Amino acid sequence: MPSSPAVFEAKDLSCVLGQGKKKTIAVRQLTFVVNEGETTAVVGESGSGKTTLARMLLGLQAKTSGTLLFRGHPIVGNINHYREVQAVFQDPYTAFNQFYTVDRQLMDAFKLFKASKPKELQRQTTAKAMKLVGLDPELVVGKYPFQFSGGQLQQLLLARIFMIKPTALIADEPRSMIDACSRTTIINALMDLKHRLSMTVVFITHDIRFANHLADRLIVLKRGEIVEQGERKEIFDHPQNEYTQTLIDSAPKTFFSKRVSKKP
Ligand SMILES: Nc1ncnc2c1ncn2[C@@H]1O[C@H](COP(=O)(O)OP(=O)(O)OP(=O)(O)O)[C@@H](O)[C@H]1O
Ligand SMILES: [Mg+2]
């Protein structure tokens, strides 16, 4: 079967951060492909370079050497790229400006598009997006970020994704974002959205078991280098690398009892 066209393609991709004595090779010589419609999980312990890679995919961090392409073109961090490649799981408390209502901030998503929609249509689309992620628009409109829980703010960030309909999502999961229950709810909503919009997802996590539940492919990072990559099941069932095996053995075993369904 021919593989799907590449959304992201990296070849010998490296990134050096910091200066002088603090200089770190955050990622080193990464070569991988993320195909359209696939969910790729990037796993690795703290400091392995996951966020650095996420930031490069988002166009927020320049590479030092190598190649990084989005749909065959070098990534430039501009409005065109942000419309196509969106981040999820920023800290929900800092993602929103505390001084504006959340509905107003959601409507700002329309500024990413050249053709402007009439205000009423914008409001309708925003309300539809809120409903889709399980929030009642009547209870959201006019409220400020501090009036919501962390989980609800994450849901609102997902609603924003629905409004933008990007090609790809980069989900860099913070370690202590929310409790395990909200995490499951949010991830299920995210994967539901992924299927509805046929998006490509790069899911970044320290938890390989969790990656096993939602990814098609895995990339295992250690100290900035890829130690193993390939089809999820193959890696999980037959890890070739000792580090991958350690990640599997040390991961918590309780997040999900079964794999998140692949299709709605
Ligand atoms: N601004 C910076 N200046 C210098 N070094 C940095 C900078 N940001 C990150 N690093 C270093 O780059 C390496 C990779 O960091 P990165 O944040 O990508 O790791 P990570 O895998 O996301 O870790 P975590 O799981 O803790 O989020 C680490 O060694 C880190 O100390
Ligand atoms: Mg990180």
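Which strands make up the open sheet, and in what order do they stand?

1. The open sheet has 4 strands in the order S2-S1-S4-S5, with antiparallel pairing. Strands here are DSSP runs (E, at least two residues), and helices are DSSP runs of H or I with at least four residues, numbered from the N terminus. Two strands pair if DSSP finds at least two bridges between them. S2 and strand S5 (73-74) are the edge strands, each pairing on one side only.

2. This is a predicted model, in which local features need pLDDT of at least 70 and side-chain atom pairs count only at pLDDT 80 or more, whereas totals for chains, interfaces and linings use all residues. Residues are numbered from 1 along each chain as its sequence is written, and chains are lettered from A and ligands numbered from 1 in the order in which they are written.

3. Strand S1 (residues 6-17) is joined to strand S4 (residues 65-70) in the antiparallel sense over 5 bridges. Within S4, Ser 65 stands opposite Ser 14.

4. Helix H1 (50-57) and strand S2 (24-35) each supply at least two residues of the shell around ligand 1. H1 gives the most, with 3 residues. The shell divides into 10 polar, 2 charged and 2 nonpolar residues; Asp, Glu, Lys and Arg count as charged, Ala, Val, Leu, Ile, Met, Phe, Trp, Tyr, Cys and Pro as nonpolar, and the others, Gly among them, as polar.

5. H1 is largely enclosed by the rest of the structure, because 6 of its 8 residues are buried (20 or more other C-beta atoms, placed from the backbone, within 10 Å of the residue's own). Among them are Lys 50, Thr 52 and Leu 53. Just after H1, Gly 59 takes a positive phi of about 80°.

Definitions and conventions: Buried ≥ 20, exposed ≤ 12 C-beta atoms within 10 Å, placed from the backbone.
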